[in-house]
Each structure stands twice: as C-alpha cells, then as structure tokens.
Amino acid sequence: MLRVIPNMKNSHSIKLIILFFYIISCGGNTHGENESIDSSIILKSPAAYDFKPGKIFNPVICKADPQQTYALYIPPHNSNELLPVVYFFDPHGDGGLPLAKYKALADSFHFILIGSNNSKNGNDWNDAENIWSTLSNDSQKRLTINRNRIYTCGFSGGAKVATFIALNNADIKGVIANGAGLPDILNAGNFNFSLTAIAGNGDMNMTDLVSINNSLNKTNTTHRIIFFDGIHEWAPESTMDKAFTGIEADAMRQKLIPKNDSFINNIINQNKKEINDYTKANKFLKADGICNFSISILSGLTDEVNWFKEKKNFFANNSVYQKQWLAEQKILAEEENIKTTYQQKFGSADINYWKKTIKDVQAKETKKNPEAPMYQRLQAYLSLAFYSVSSQLIAGNKNTEARRFVTLYQMADSSNSEAWYFAAILDARDHNTKATKDDLEKAVSLGFNDKKRFESQPEFESGDISINLSEIESKMKP
C-alpha cells in the first residue's frame, strides 16, 4: 500500500512514500540478518555436470544467461535417485546463505537446495519470472531432479517471490514463506500447492502472516503457520525442519512418495510431547498452535490426527486458553493502534518525539513480558519505515529531508549497515570527505558488501570528495 504523507512544516508539500508492510525488507544488502558462511563448504562452479554431492557450489553460471548464477547443494544419495528440489530466494540475492544454513536438513530429507543470486528486493514481477525461467531451466537440464516435487522457499521479499512463482507455475508443489506473505494468494482460490508460513514472534510481518493464515482457514487449501522465538530473519534450522517435515508429509498424502509409517509416527510422538510440555507449562496458545500444525500435515495419513483434533477442542473450551487468547487479541489490537499513530506522525512530529518514541520501544522490547514481542515488531516496523522514507527521499534528491529520516533510521536500527550507507551518500552530496569515509567504513564494519552497488554509486565518484574506494571495498566481507 502506498501512503502519501505531507510534511506540514515545509512551505512546499513533500510526498513521502512509505511502503508499510508492502515492501517487507529493504532493497539494500543488509537491512535483514547477516550470517557468515563456512567457506570450507563452498566451491567455485566446476565444469558442466560435475557437481559432487556434499559441497555447496557457488556461483553456478546459467548457460543461457551468464549474468544469472545460483548456489547449489546436492546431498549424498544414490546416483540413480530422483531428488526433490527447494529453490531459495533471499531478499539480498545471497543464494548461498540459506544453503549453508539448511545444508544439514538437505542431507536428512534428501532435498537438493538451489539459491538464486539474482532474485532480490527491487526487482519487479517480470524480473522475478525471467529469473525463475532461466534458473529452473538451467538447473533442471543439468541435474537429476524429481520434477513432481519442486518447491520454493523465500525470506522477506524473497518469500513473496517464492509465492508469486508458485501462483504462476503449476509445477510448484509447495511454498515456504518465511517472514512475509503475498496478499495476492487470497485471490487465488483453492491453489494447488501447500503454503507453509513462518514468522518470528518479533517479526514486524508476523501479524500479516497470521491474517493470511486465518483467511485461508476459510478455504480448502493446504496451509499452516509456524512460529519461532526470533525477529525478521531466516528461520532457525529447527523451525525449517518443521517446514520440510510438512512438505514431506504433503508428498505422502499426494502419493508422490510412499507413505512412511516410521516418519509419521515420529511426527506424532514429537508433537504430542510438545503439546503436553506446553500444557504443563500453562502455554495453551503454543500448544494449540502445535495442534493446528499437526492436523495440517497428518490429515489423510493417520487416524492419530483425531487425537490432535480432540486436544484442540479441549483448548477451545478451556477457560485458561480463552483468557490467554483474549490477552493476545488485545495486544494485537494495541499494536495496530500504535502503528496508526506512527503513520500520522511521520509527516509532522519533530525529532524529539521520535527520539523519545524509539527509546521507549527499545526499552520495552527487552522486557520479559507478553508485550515484549509486540515492541520487537514495532521496532522493526519503525526501522523499515525510516528505511523506506529515506530511500525515496534520497532518490528524489530531497537531501535535507532525507538527512532527518536517515538520522532516525540510525537511531532506530544502529546496527543496520544500510542506515550508514545512506548517510555516506548524503555526506558525499555535502562534499564532506571525512564523514563519507567514516560512514562507509561503519557500513562495511556492519556487513555492507554489495560491491556492485558501491561501485556504481555516483556520489562516491564525485571529484568533490577524495576517498580511496578500493581500500574500502577491500574490507568488505565476501
């Protein structure tokens, strides 16, 4: 949704385009979580077809378009075995990151993992479709893939790409949407793929994913939602394990693979234990969530699904559960009211208001109480909003207004390299060599490593500043 907010303090009206919860993470390289990758398991692309199992190859260059590359991991397996594949879409075009993160799961489930190095925030849907066409054609010609079991998975903006591809390509059997939802899915009717939503309790998009999941409850689609204790980030391995378990169970239900009773019994026993543990701990909402997940993946596979349905009915009629549910709804309603207030203040409130607001949110997000995750979501919401406004103002050369919002961005999310990169651009426009260098070095120290973007940034090539760009670039982590 585009929201236009006038700055009433200026003599002229300035339109600030704030992409609240439509752009799910920034177009820069480090607005999300940065994670290091073990270089010992990453190899350069070998000669054609020579992809040995057990190693990550990155980059693999697409034959039809050398500008497109991907990261590839093939688990150890029988050479004659047709393996399912999960295509990953990272919002920053870092195809190797999810492969390194979930390599052990690929070994366990025997999934090929492929991560696009070209799909990233800022691309439009035509770009996404072209990237998918090239990526899928290249990988499926060169690898032994079970074409009846093709899945997509993405984080943040990449989650929207993963869903978009499934909506437009009938061969996709399942989508794992981590940290963002694509509202278009609600207009798709009873789509033919399974949807697994994943959200951190502190993720600013958690409420959107819950809303989408609740709407899909009124349809006949296969869908589920999984929560983890975290923020807007790629899910931990233990959470992605549940998502992979879900699509494996889907394949059994669809008779794409034989039913595995041992696999199913493990799910039953593990989920019953989690539910009983949560119940004993008086965490009825978490127990109910495991019931929902279990019903989604076990329906049609075992009569034991009835145990989870009965347990869910028990929770629904339990006074403690009802009290906890009402308390959660109150928090969600309060969150929406606070965000509405923020939106009204973006065009008018002075910097002192925002200093106090940011300090208050950051203090409350660290407390050990039920409201803490809400304030984690609000902090991320403010960071994204300040990013969005700053980006638009910088692009429009509204430097004075941009400086204000970049300052707020740094206050709200001081460890985000993108805030310091934005500051460096404005420093360069002010012909301030020292500040430009300092802010660039700060951005790099916080993980900025988009060399292509850095090299093409016109402000840093200006004759009005004198910076050793090669020296700064040499400090960027690969």
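Which element gives the most to the lining of the largest cavity? I looked it up.

I worked on a predicted model, where local features need pLDDT of at least 70, side-chain atom pairs count only at pLDDT 80 or more, and totals for chains, interfaces and linings use all residues. Residues are numbered from 1 along each chain as its sequence is written, and side-chain values use heavy atoms, without hydrogens and water.

**Cavity.** I took a cavity as a set of points on a 1 Å grid over the protein atoms alone where a 1.4 Å probe fits but cannot get out; lining residues have an atom within 4 Å of a point. My search of the whole structure found one cavity of 30 Å³ or more. Strand 10 (194–200) and helix 4 (206–216) each give two or more residues to its lining. Helix 4 gives the most, with three residues. I listed the lining residues; among them are Thr163, Ile185, Asn213 and Arg224. The lining divides into seven nonpolar, three polar and one charged. I counted Gly as polar here.

**Helix 1.** Helices are DSSP runs (H or I, at least four residues), and strands are E runs of at least two. I checked the length of helix 1 (residues 96–109): its 14 residues should span 20 Å at 1.5 Å a residue, and its end C-alpha atoms are 19 Å apart, so the two agree. The expected span is 1.5 Å times one less than the number of residues. I noted a bend of about 60° at tyrosine 102, the angle between axes fitted to the seven residues ending there and the seven starting there. Just after helix 1, histidine 110 takes a positive phi of about 60°.

Notes: On a 1 Å grid over the protein atoms alone, a cavity is a set of points where a 1.4 Å probe fits but cannot get out, and a pocket is an open set with protein on both sides within 12 Å along at least five of seven lines; lining residues have an atom within 4 Å of a point. Grid points are joined across faces, edges and corners, and a volume is the space filled by probe spheres set on the points.
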